[in-house]
Amino acid sequence: MPTAQKHPSGFTLIELLVVASLTVLIMLTVTTMFMTFLIASNKASISQRVKSEGESALSQIEFLMRNTKRLVPGLDGATTCNNDSENPMTNIALEGLDGYVTTLQAYPEEDPKIASHSTAIDDYYYLTSDETTLSNLNFTCLNGAEGSYYVGVSFDLKIGTGEEEGRETAIENFQTGVTLRNN
């Protein structure tokens, strides 16, 4: 009877290479999926912060306008309401029911935020944070019937470092309109 040849136990080099290659492919796939999830989560978080901050600023602007006694001349000292939808104003001044004047504008020039300047405290209160970048703050003021005014407000907010809307940047446009009846 012939003797059986003994095969040493273990894996061949080919088997080890196949297992190592499959392990690397699985790890790459899992890592890519995880990174995609993190990027999408970060983008959603930034976008939500921009929306939240913009909606909060719009809400505060609407509140100020709805509780306005009348429009008064703005920073240029002459314009109350330009009644020109083609050339919106960059600031608007509102006299509140308390008699104090609040001016809404972009301030400071180098890193603008939506600023509310009140004669009551003679200082600025910012409606947007340092984290956001403000652009295109416009007030469209139109004369309405029976001495009322319609004021449209629009602005863009951006959070992030990129020039374009990318994975680390979110840009949103906000707009609203209020009819002032107390004038």
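**View 1. The disulfide of Cys 81 and Cys 141.** The link of Cys 81 and Cys 141 is left-handed, with -115° about the S-S bond. Cys 81 lies in the loop between strand E1 (68–72) and strand E2 (92–96), and Cys 141 in strand E6 (residues 133–143), so the pair ties together parts that are 60 residues apart in sequence; helices (H or I, at least four residues) and strands (E, at least two) are DSSP runs, numbered from the N terminus. The sulfur atoms of Cys 81 and Cys 141 are 2.1 Å apart, where a disulfide is a pair of cysteine sulfur atoms within 2.5 Å, and the count by this rule is one disulfide. Both Cys 81 and Cys 141 are buried, a class that means under 20% relative accessible area, with exposed over 50% and partly exposed in between (1.4 Å probe, protein chains only).

The model is predicted, so local features need pLDDT of at least 70 and side-chain atom pairs count only at pLDDT 80 or more, while totals for chains, interfaces and linings use all residues. Residues are numbered from 1 along each chain as its sequence is written, and side-chain values use heavy atoms, with hydrogens and water left out.

**View 2. Met 65 in the largest nonpolar core.** Met 65, Ile 92, Phe 139 and Phe 155 touch the most other members among the 28 residues of the largest nonpolar core. The elements giving two or more residues to this core are helix H1 (13–66), E2, E6, strand E7 (149–160) and strand E8 (169–180). Such a core is a set of buried Ala, Val, Leu, Ile, Met, Phe, Trp, Tyr and Cys residues joined through side-chain atoms within 4.5 Å. Not counting residues up to four places away in sequence, the contacts of Met 65 include Ile 92, Leu 104, Phe 139 and Val 178, contact meaning heavy atoms within 4.5 Å.

**View 3. The salt bridge of Arg 49 and Glu 131.** The side chains of Arg 49 and Glu 131 meet in a salt bridge (2.8 Å, N to O), a term for a side-chain nitrogen of Lys or Arg within 4 Å of a carboxyl oxygen of Asp or Glu. Arg 49 lies in helix H1 and Glu 131 in the loop between strand E5 (123–126) and E6, so the pair ties together parts that are 82 residues apart in sequence. Arg 49 counts as partly exposed at 33% relative accessibility, and Glu 131 counts as partly exposed at 42%.

**View 4. The salt bridge of Lys 113 and Asp 130.** In this pair, the closest N and O atoms are 3.3 Å apart. Lys 113 is buried, with a relative accessible area of 7%, whereas Asp 130 counts as exposed at 61% relative accessibility.
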